[in-house]
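This report covers one protein chain, from single residues up to the whole chain. The sequence and structure come first.

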Amino acid sequence: MTVYIASLFLPYTARFNDDSSKYFTAAAPVATSRPDTGRPPSSIGNNGFGSKTELQGHDLTSGATTDHERIFVPYLPKPEQARTGYPFPSGANTENQLPTESEPQPSAWQSSQNSAQVAIETPSTAQWYIIPTRKGNDGLQNAIRSATEDSYLDDTMWVGTLGMPTDAHGYLNLAAITRKMKDEYGSLTVLVSDRDFEGHYTHFCKTILWPIFHYQVPDNPKSKAYEDHSWAYYVNLNQAFAERIAQNWKRGDSIWVQDYHLMLVPAMLRKILPDAQIGFFLHTAFPSSEVFRCLASRKELLEGILGSDLIGFQTDEYCCHFLRTCSRILFVEATNEGIYIEDRFVNVGTFPIGINPISWDYRRQLADVRQWIDIISARYQGKRLIVSRDKMDSVGGIRQKLLGYELFLNTYSEWVNRVVLIQVATSTIQQPELEASISDII
């Protein structure tokens, strides 16, 4: 029996060596270097669709009639040249993908983890290879790896996108990638058009869901949060996931859907596979009903999640918020254990994901890690270190943390030059105003 793990990003992605990558060059990094390579982290500050400079001279959304409809800036090729929907003929055994940042050549450790370079005979003759992705949910990947090593999971299959644009690549290349991902990496690739992914991820997920789930209800008159122009893209990507899973599901298999990117997938799967075992886990916060009802698509999102047999949250607070929200918005009967809906009972519980201390201790003993420990110890000898890692977004709190650190140094001047804050910041989209504000504080 296979457990399908549906997550927006697969643990692996494809890297092309052709000229198409120049259209998706990473923006300037905001951190100094990566410990494993010593090179600048090209992914930081990159939205995966190229810099603003690269997009100048291209028309905004085709067919737009009002200003708010022009927010979708196309990537190459232009809208009239780009395909929509699946880039494969009906019935083809293929899958889906997303926007990507410019990736460096694979390092030695990447090559040792099944990374391979494959030459594909096509009219354009492009070379590509599979590498571990820098996107995705690290906590989820570590949890699945630990469960597999401890024999809790025997047969797993990842379902997700590659995190790269695919419209510019040919059918033969994409078909070969999807076959290799399935046969050698245990991954079903979901292929959607670049425009569907951009509308889903950058606009609906990051502009609407992510802020509201963290109690940042937009009050700016120019905010697009209360409009549904990106809802169609969210539906399209979720439908692509559901169809991809349904094509491969066999009786007895289980499906585990991950996070707020795929909240509609459980209900979509329930319609196609009424007898399937479906679980959903939310890795982020779930707000109170007063905040969640600000979403125009609140009912559809709740009904989508309730297509599951089991719904999990990180904390009791998020679990209680979900139960109350379903009761108040959908008028369903909710108990501490779950929700009665039609002829089914949906179990709801708290299942926090932790870490594997044995794995971390093993990694701490590796030669390259020990080398970095020695370098840092020598560089900051006699100083206290504070190491922090956060996402570079408005809810990450980096700005507030730096202001608090400044207040600490001003209040306790004896610690000046005796304590060092090392702040690691990661980002998948460009936020110039936030980055400029943080730089000013630094």
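Which residues does Ser 297 touch, not counting residues up to four places away in sequence? Ser 297 touches Phe 204 and Trp 231, where contact means heavy atoms within 4.5 Å. The model is predicted, with local features needing pLDDT of at least 70 and side-chain atom pairs counting only at pLDDT 80 or more, while totals for chains, interfaces and linings use all residues. Residues are numbered from 1 along each chain as its sequence is written, and side-chain values use heavy atoms, with hydrogens and water left out.

Ser 297 sits in the loop between helix H8 (289-292) and helix H9 (298-305). Helices (H or I, at least four residues) and strands (E, at least two) are DSSP runs, numbered from the N terminus. His 200 belongs to helix H5 (residues 194-213). Setting aside neighbours within four places in sequence, His 200 contacts Leu 8, Cys 205, Tyr 233, Tyr 234, Leu 237, Asn 238 and His 261. Val 387 is part of strand S13 (residues 384-391).

The table gives the accessibility of these residues; buried means under 20% relative accessible area, exposed over 50%, and partly exposed in between (1.4 Å probe, protein chains only).

| Residue | Relative accessible area | Class |
|---|---|---|
| Ser 297 | 9% | buried |
| His 200 | 0% | buried |
| Val 387 | 61% | exposed |

Areas come from the Shrake-Rupley method with a 1.4 Å probe, and for residues only the protein chains shown count as cover.

Helix H10 (residues 316-330) has 15 residues and reaches 21 Å from first C-alpha to last, close to the 21 Å expected at 1.5 Å a residue; the expected span is 1.5 Å times one less than the number of residues. Its buried residues include Cys 319, His 321, Phe 322 and Leu 323. Their cover includes H8, H9 and strand S9 (310-313). Phe 331 follows H10, with a positive phi near 55 degrees.

Across the protein chain there are 14 helices and 14 strands. Of its 442 residues, 47% count as buried. The chain exposes about 22300 Å², with carbon and sulfur atoms supplying 51% of it.
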